[in-house]
Amino acid sequence: MNGPFDFTLALADDALIAAQRLAEWTTRAPEMEEDIALANIALDQLGAARLLLSYAGELEGAGRDEDALAYLRDDREFRNALVVELPNDDFAVTMAKLFFLAAYQLPLYTALAGCADERLAAIGAKARKESAYHLDHGALWVKRLGDGTEESHRRMQAAVDQVWPYTHELFAADPAAPVDPATVRPAFDEVVGPVLAEATLTQPDSAWAPAGGRAGVHTEHLAYLLAEMQVLHRAHPGAKW
Amino acid sequence: MSARSASPTIANGTGRASAQEAAASVVDPEIRVITIDELGILRAVEEDPASGRVTVTITPTYTGCPAMDVIRADIRRALTAAGHPDAEVRTVYSPPWSTDWISEGGRAKLAAAGIAPPAPVRTAGVVSLTLAVRCPQCSSPETEQVSRFGSTACKALWRCRSCSEPFDHLKAL
């Protein structure tokens, strides 16, 4: 990455794609309360995404607004980390993704709140409060499932094992960025370690660290997600209701 | 909202005071018992001394609050009725909204409408765990959280163990 535009776009895309994935749970979560919770978290992510996309558009200076950036880019132009585009899969996988993403976004937004860029600082200060709530929620589920029944433990451990390798990409060093993501890794580890331990889960020790999202090289899952998210806007440009 | 903003005192007034009064009387579209002023999302009402043009500054409760478009439209309508048809509505995100900005009057109105008001936020940036939420129906502290998320982004769902009534609780933020 280089410069504030790429950095802002990467954060925006993390939030946007996470929102779209979470919204897929609407009407099909395991219980009513969780349905509402996931929709609410998706809404928070979408809110942050809109602020970040609008600002990215201004930084670029090419006349692209939030809608142009959200709906009129192809997968190779998206800069989100791979972890947010992974399918929802088992509910435990969704919770692992939610927990790890919040554990990354909270310290990142907190650091952003103190950065020199006033716009990013304002967005960070706002979004971190919401991320703190997401983190709480994700941690509760990781503990409930991990330290639950034999079956829920097995599936939560499998989910952590499956998602963990993808977390490394979030902390790829970018010294030129307003906040170098590598600097928030210690805060992430400090939160994640104790929660996994309390959940009687084992933190994976895998060296595999799939990446490429920040450079626009994604898994096959992103294109399908975008097709669904963008089809209406592309078929009916400027549609409103 | 329209009945209040179209009241004669406001409609006949001019200048910043009338604009302030009109903007402050706009009710939150999702929690219709409380005004945007009482909720603390109305941040400023300013008048350009030269042109007389009014600028209203608001801030969202949550980044994704879907009520913002309606609130902006309601403010413009109220200000038009108060004699400021060219008013501008600005949205700012800093400093971020906190439930500590809800006025005492606003808290009383929430409670009267069956929505338990938020406890003070203990530490900036950290979501506080609510110690005791009193039932807005019977005032019992014997309550429990049913869902950490509720019907709007700013609320959680609770239940009273004394009178069995479910109720909304505005989450401390």
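Okay, let's start with helix 5 of chain B: its buried residues are Met68(B), Ile71(B), Asp74(B), Ile75(B), Ala78(B) and Leu79(B). Buried here means that 20 or more other C-beta atoms lie within 10 Å of a residue's own, while exposed means 12 or fewer and partly exposed is in between, with C-beta atoms placed from the backbone. Looking down the helix axis, those buried residues sit within an arc of 130°, so they line one face of the helix. That arc is taken from the directions from the helix axis to the C-beta atoms. As background, an α-helix has 3.6 residues a turn, so residues three or four places apart point the same way.

Before I go on, this is a predicted model, where local features need pLDDT of at least 70 and side-chain atom pairs count only at pLDDT 80 or more, though totals for chains, interfaces and linings use all residues. Residues are numbered from 1 along each chain as its sequence is written, and chains are lettered from A and ligands numbered from 1 in the order in which they are written.

Back to helix 5 of chain B, residues 68-81: its 14 residues should span 20 Å at 1.5 Å a residue, and its end C-alpha atoms are 20 Å apart, which agrees. The expected span is 1.5 Å times one less than the number of residues. After this helix comes Gly83(B), with a positive phi near 95°.

Now zoom out. Chain B has 6 helices and 7 strands; these are DSSP runs numbered from the N terminus, H or I with at least four residues for helices, and E with at least two for strands. Of its 173 residues, 41% are buried.

So what order do the strands take in the open sheet of chain B? The order is 4-7-6-5, with mixed pairing. Strand 4 (115-116) and strand 5 are at the edges with a single partner strand each, so one side of each has no neighbour in the sheet. Two strands pair if DSSP finds at least two bridges between them.

Let's walk across it. Strand 4 of chain B pairs with strand 7 in the parallel sense over 2 bridges, and Ile115(B) stands opposite Asp168(B).

Next, Glu38(B), in helix 4 (residues 36-39) of chain B. Is Glu38(B) buried or exposed? Glu38(B) is buried, with 23 other C-beta atoms within 10 Å. Beyond neighbours within four places in sequence, the contacts of Glu38(B) include Ile102(B), Gly106(B) and Lys109(B). Contact means C-beta atoms, placed from the backbone, within 7 Å.

Last stop: the largest nonpolar core, with 118 residues, where Leu52(A), Val83(A) and Ala23(B) touch the most other members. Helix 4 (residues 91-113) of chain A gives the largest share, 15 residues. Domain 1 (2-91) and domain 2 (99-170) of chain B both contribute, so the core lies between them; those bounds come from an automatic or database domain assignment. A nonpolar core is a set of buried Ala, Val, Leu, Ile, Met, Phe, Trp, Tyr and Cys residues joined through C-beta atoms within 7 Å.

Technical notes
Two residues are in contact if their C-beta atoms, placed from the backbone, lie within 7 Å.
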